[in-house]
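Thanks for coming. I will go through one structure, piece by piece, and please look at the display while I talk.

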Amino acid sequence: SFIKDYVKNTNEAIFKKDWNKIQQYIDVNSFVNMFLLDEIMLNQDMGFSFYMYKKQGGKLYMGPMWDFDQACGSSSHGGSGYKGWYAGSELEWFTSLIEIPQFRELVAKRYKEKKSQIHGLLDTIDNTVNKYSYDFAMSNYVFNTFGKRDRWRTMSEIAALKTYKEHIIYLKTWLTNRFIWMENQLGI
């Protein structure tokens, strides 16, 4: 009954966009971080497949983060496009939160704080590819997945890619375009 009422009150505060009450119920920083990561990756599971918890005496905390198999333009559910907010997926809390100026300002501030790390994802991809290139090649040799639609909701553009290098180019191009779009939207 306690948690049911707590979430009901949180829900009401968010949908009424009552910033003071919202801050009483949620760990705002965890919501900002979850929103930002899911939006950077344009995670199609945002608000559908996620975790949150509340420690005794604490506020509702969003996380840990997980389930990114339908992110970065890889899912036919969301498409290969990199524009648009997906905040209103199954959990409409983020749709309301991003419309609240104080929350939007915190998202922009956090993006600015982490901008070099966000852009560093491109180097992380290169480093990972260099480190595990043999493993990736062997995986494709054994499972022969390139150039096929082998997964649920795989984008046809991705299914057509025949080499690991083509996959890397697709991912890095998609992320670069996403960063640019988000930075323009957040005024960064």
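P64 sits in the loop between strand 2 and helix 4. Helices here are DSSP runs of H or I with at least four residues, strands are runs of E with at least two, and both are numbered from the N terminus. The peptide bond leading from G63 into P64 is cis, and its omega is near 0 degrees.

A word on where this comes from. The model is predicted, so local features need pLDDT of at least 70 and side-chain atom pairs count only at pLDDT 80 or more, while totals for chains, interfaces and linings use all residues. Residues are numbered from 1 along each chain as its sequence is written, and side-chain values use heavy atoms, with hydrogens and water left out.

Staying with the backbone, two residues other than glycine have a positive phi. One of them is K17, with phi near 60 degrees. K17 belongs to the loop between helix 1 and helix 2. With a relative accessible area of 35%, K17 is partly exposed. On that scale, buried means under 20% relative accessible area, exposed means over 50%, and partly exposed is in between, using a 1.4 Å probe and protein chains only.

The other is L42, where phi is near 45 degrees. Is L42 buried or exposed? L42 is buried, at a relative accessible area of 6%.

That brings us to helix 3 itself, residues 28–40. Helix 3 has 13 residues and reaches 18 Å from its first C-alpha to its last, close to the 18 Å expected at 1.5 Å a residue. The expected span is 1.5 Å times one less than the number of residues. Of its 13 residues, 10 are buried, so helix 3 is largely enclosed by the rest of the structure. The buried residues of helix 3 include F31, V32, M34, F35 and L36, and also D38 and E39.

What covers those buried residues? The cover includes helix 2 (19–25), strand 2 (60–62), helix 4 (93–98), helix 5 and helix 8. Contact, in this talk, means heavy atoms within 4.5 Å.

Take helix 8 from that group. First, the description we use: two packed helices are described by the angle between their axes and the distance between the axes. The axes are lines fitted to C-alpha atoms, for helices over the stretch in contact, and the angles run from 0 to 180 degrees between N-to-C directions. Helix 3 and helix 8 pack at an angle of about 130 degrees, and their axes are 10 Å apart. Helix 3 and helix 8 are therefore oblique to each other. The cut-offs are these: under 35 degrees counts as roughly parallel, over 145 as roughly antiparallel, 65 to 115 as roughly perpendicular, and the rest as oblique.

From helix 3, the residues L36, E39 and I40 meet W174, L175, R178, F179 and M182 of helix 8. The residues of this contact divide into six nonpolar, no polar and two charged. Nonpolar covers Ala, Val, Leu, Ile, Met, Phe, Trp, Tyr, Cys and Pro, charged covers Asp, Glu, Lys and Arg, and the others, Gly among them, count as polar.

Now helix 5, residues 101–119, and helix 6, residues 121–143. Their axes come within 4 Å and cross at roughly 25 degrees. Helix 5 and helix 6 are therefore roughly parallel to each other. Here Q117, I118 and H119 of helix 5 meet L121, L122 and D123 of helix 6. By type, the residues of the contact of helix 5 with helix 6 are three nonpolar, two polar and one charged.

Last, salt bridges. How many does the structure hold? There are six, a salt bridge being a side-chain nitrogen of Lys or Arg within 4 Å of a carboxyl oxygen of Asp or Glu.

One of them joins D126 and K172, with the closest N and O atoms 2.8 Å apart. D126 lies in helix 6 and K172 in helix 8 (residues 164–186), so this pair ties together parts that are 46 residues apart in sequence. D126 is partly exposed at 29%, and K172 is partly exposed at 22%.

Another pairs R110 with E113, at 3.0 Å between the closest N and O atoms. Those two are three residues apart in helix 5, so about one helical turn separates them.

In helix 1, residues 2–15, E12 and K8 are four residues apart, again about one helical turn. Their salt bridge has its closest N and O atoms 3.7 Å apart.
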